[in-house]
Amino acid sequence: MADLTLFSFQAGTTVLHHLDVRAKTVLVCMLSMALFTAGFSACLVCFLVVYPLMCAIGMPMDRLIIRLKGFILLLVLMAATRAVTVPGEPILSVSGIEITRQGLAQGSLVGVRFFLVMVIGLLFAATTRPAALKSAAQWFLAPVPFVPEKRAAIMISLCLKFFPLILSRAGQTADAVNARCGSFKKNPVRQIRFLTLPLLKKTVISADHLCLAMDARCYTEHRTDPAFESSGRERLFLGAGTGLCTAMVILSRESFWMIFW
């Protein structure tokens, strides 16, 4: 249930819950783009801003790290790969494999950027109702020609709703494999096969059942969408977000200009 609620909407009365979903979408896009070229200083500034918001919605850092341990392990492996593949000044050599200072710094920075993007996405998912997210996607896609915005919005909404369900199915499949002594198998390829194929089968079956249920209830894309709710603080948050992104770009200006050269 913990993994199920990590990427799901959590009811609350914080300012993020009452903020217009369109403003939150713009803020998420701005911060994600700013993090793309952010250095360590800019990432620290972003973390200091995001951390109080995480605590406000009941998502403290220690609990978040425990829930994201698999994702953090992936980031550590990514940083370790960069540490041994990027040429530079060696700081440690083991069996002919050199760990360079530049590679370790680049790998750590990439890991921090991905972690902050994940945290910002969790904040957005935890404070935004799926119906509001569907309406926002439809609103943003409406001016785009040749794009069926209503159908695309339904697809985005269903994908986001399926994500916690897939995590729950993955946990159930892993428990079933472990109950059958699957964890004692040393071959990692077989372990991945025993976990991936049943998970893929369950996910496809669940999607098929959902389609049948929607057809049985005569669900169409032409529905009355909920009206956008405004808290009156959207301009304040957009201004603060713009200032934060500008400060992050200035702190990382060397990395930012490297895009154009």
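Me: Before anything else, where do the domain bounds come from?
Reply: The domain bounds come from an automatic or database domain assignment. This is a predicted model, where local features need pLDDT of at least 70, side-chain atom pairs count only at pLDDT 80 or more, and totals for chains, interfaces and linings use all residues. Residues are numbered from 1 along each chain as its sequence is written, and side-chain values use heavy atoms, with hydrogens and water left out.

Me: OK, which residues go in which domain?
Reply: Domain 1 takes 15–129 + 230–259. Domain 2 takes 149–217.

Me: And what separates their centres?
Reply: The centres of domain 1 and domain 2 are 28 Å apart, taken over C-alpha atoms.

Me: New topic. How many salt bridges are there?
Reply: The count is 2. A salt bridge here is a side-chain nitrogen of Lys or Arg within 4 Å of a carboxyl oxygen of Asp or Glu.

Me: Which residue does Arg-22 pair with?
Reply: Asp-20. Their side chains meet at 2.9 Å, N to O.

Me: Is Asp-20 buried or exposed?
Reply: Asp-20 is buried, at 6% relative accessible area. Arg-22 is partly exposed, at 23%. Buried means under 20% relative accessible area, exposed over 50%, and partly exposed in between (1.4 Å probe, protein chains only).

Me: What about Arg-101, which residue does its side chain meet?
Reply: Glu-89, in a salt bridge of 3.3 Å, N to O. Arg-101 lies in helix α7 (residues 101–126) and Glu-89 in the loop between α6 (69–85) and β1 (90–94), so the pair ties together parts 12 residues apart in sequence. Helices (H or I, at least four residues) and strands (E, at least two) are DSSP runs, numbered from the N terminus.

Me: How accessible are Arg-101 and Glu-89?
Reply: Arg-101 is partly exposed at 46%. Glu-89 is partly exposed too, at 42%.

Me: How far is Val-49 from Leu-244 in space?
Reply: 8.7 Å, C-alpha to C-alpha. In sequence, Val-49 and Leu-244 are 195 residues apart.

Me: Last one. Which residues does UniProt annotate as "transmembrane region"?
Reply: The unreviewed UniProt entry gives 25–52, 64–84 and 104–125. Such positions use the numbering used here, feature names are shortened, and annotations may be inferred rather than shown by experiment.

Me: What is the chain like over 104–125?
Reply: 100% helix and 0% strand, with the end C-alpha atoms 31 Å apart. Residues 25–52 are 89% helix and 0% strand, with the end C-alpha atoms 19 Å apart.
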